[in-house]
Amino acid sequence: MKKILLFIPILFMLSCGHDPAQQQENKKLNSLAVEYVRLGLAIGQYDTDFVDAYYGPDSLKPKQAPAKEFPKDSLLANTNVLMNELKIISTNSAVDTNKIRANWLMDQLVAFSRRIRSFSGEERPFDEESKELFGVVAPVYTEDYFKSQVNLLDSILPGKGRVNDRFQKLANKFIIPKDKLDPVIKAAIAEARKRTMAHYTLPAGEAFTLEYVTNKPWSGYNWYKGNYKSTVQINTDLKIFIDRAIDVGSHESYPGHHVYNMLLEKNLYHDKGWVEVSMYPLFSPQSLVAEGSANYGIEVAFPGDEKVKFAKNVLLPLAGLDTAGINLYFKALAIKGTLNYARNEAARGLINNTMSRDKATTYLTKYCLMNDETAAKSISFIKKYRSYVINYNYGLDMVKNYIEKNGGTPKDPIKRWELFGRLLSNEVTTEELLKK
């Protein structure tokens, strides 16, 4: 297949030219990017969840120990100063590249401001918070919608009784035995990597370390270390089903988070010197793109019935599991996927104090078809990460629509891989994703 090289043309960007005014503007933008990184790292001294990854110069790290009191006012003031400076460039620049870069930085700084306030105890309702942190408000789905999807699932599952019980009975046939987990996960990642490398040339020396952890609120995590290296952690608190080997493997590694971070580091940080991408602030619009693309990347790497074929032919035998019922299981999973927004509704209710923990648990088990363990873990995640949950479902839908409206449909997989690579290699704002 045709490979998409790392130096593919930057989407929507034009040449910056070499006249003195533009050179001065570029210099100013680079200076503001440095201050942006310094500010983010300063916030991270207090809010330990703020900086998800940093691989930039050590010289930008805080040189003083954190103060005893969180310096909310000074951090907000610095954020506002940066936003005002960037707005001048965004408004006046004749260079599209600089406008895009300034707008991206401003959107990130809106999230800085909200996170600073949230860390200080100034919480906002779910939708207002998500708008400020991630740039969007996720659509609301009614209980009637979820009921209709559950009824659809009811029509295909064998047996009688509660839909959740019947779904769990089917799913439990495909739990990966703990002694088979490592080879199954590694096989899934290796396949995802092979499929990704059929389309992209990745940086030399890229690699990841795989670890199994416990007592985490998430199922998997990619800790990007810079220099094209990641640590991928898989949480073994809960049972891991055969489909999750493909999903978590693709999401955290290829063509998900590992590839996204590598392409930004290679194309923007090293090739262009854009220091701002060397720091990834977790609570920012960047996470909408990161999580949405990581979830959509599963479909890009394993389109159509490729997941069920790979599970049936490779993963299930490797796990020592029977393949009987696997087609029905993946058919049920496709319907279950349409219920993902029920998690948003549970989170919206918990954060807005319109839903008790017990009611949220019922919502997750009834409409997300989670077992009790997974529902409890999900609530733990919501309590910690709050409106971040929208990045997984609404982010996925936004990325999918963005790629497909530009021609990257399932009928043109090469175009889809190309557009997906461009998305991962650029500073894309939520406004750009939503543009019709």
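Helices H14 and H15 cross in a right-handed way (a crossing is right-handed if the near helix is turned clockwise from the far one by less than a right angle, left-handed if anticlockwise). Here, helices are DSSP runs of H or I with at least four residues, numbered from the N terminus. This is a predicted model, where local features need pLDDT of at least 70 and side-chain atom pairs count only at 80 or more, while totals for chains, interfaces and linings use all residues. Residues are numbered from 1 along each chain as its sequence is written, and side-chain values use heavy atoms, leaving out hydrogens and water.

Who touches whom in this pair? Contact means heavy atoms within 4.5 Å.

| Helix | Span | Residues in the contact |
|---|---|---|
| H14 | residues 357-367 | Arg-357, Ala-360, Thr-361, Leu-364, Thr-365 |
| H15 | residues 372-385 | Asp-372, Ala-375, Ala-376, Ser-378, Ile-379, Lys-383 |

H14 and H15 pack at about 125 degrees, with their axes 9 Å apart. The axes are lines fitted to C-alpha atoms over the stretch in contact, and angles run from 0 to 180 degrees between N-to-C directions.

Now for the core. The largest nonpolar core has 137 residues, and Tyr-36, Ile-242, Leu-315 and Tyr-329 have the most contacts inside it. Such a core is a set of buried (under 20% relative accessible area, 1.4 Å probe, protein chains only) Ala, Val, Leu, Ile, Met, Phe, Trp, Tyr and Cys residues joined through side-chain atoms within 4.5 Å. Helix H1 (residues 20-44) gives the most to this core, with nine residues. Beyond its neighbours within four places in sequence, Leu-315 touches residues including Val-184, Ile-242 and Phe-310.

Glu-35 also sits in H1.

How values were computed
Helices (H or I, at least four residues) and strands (E, at least two) are DSSP runs, numbered from the N terminus. Buried means under 20% relative accessible area, exposed over 50%, partly exposed in between (1.4 Å probe, protein chains only).
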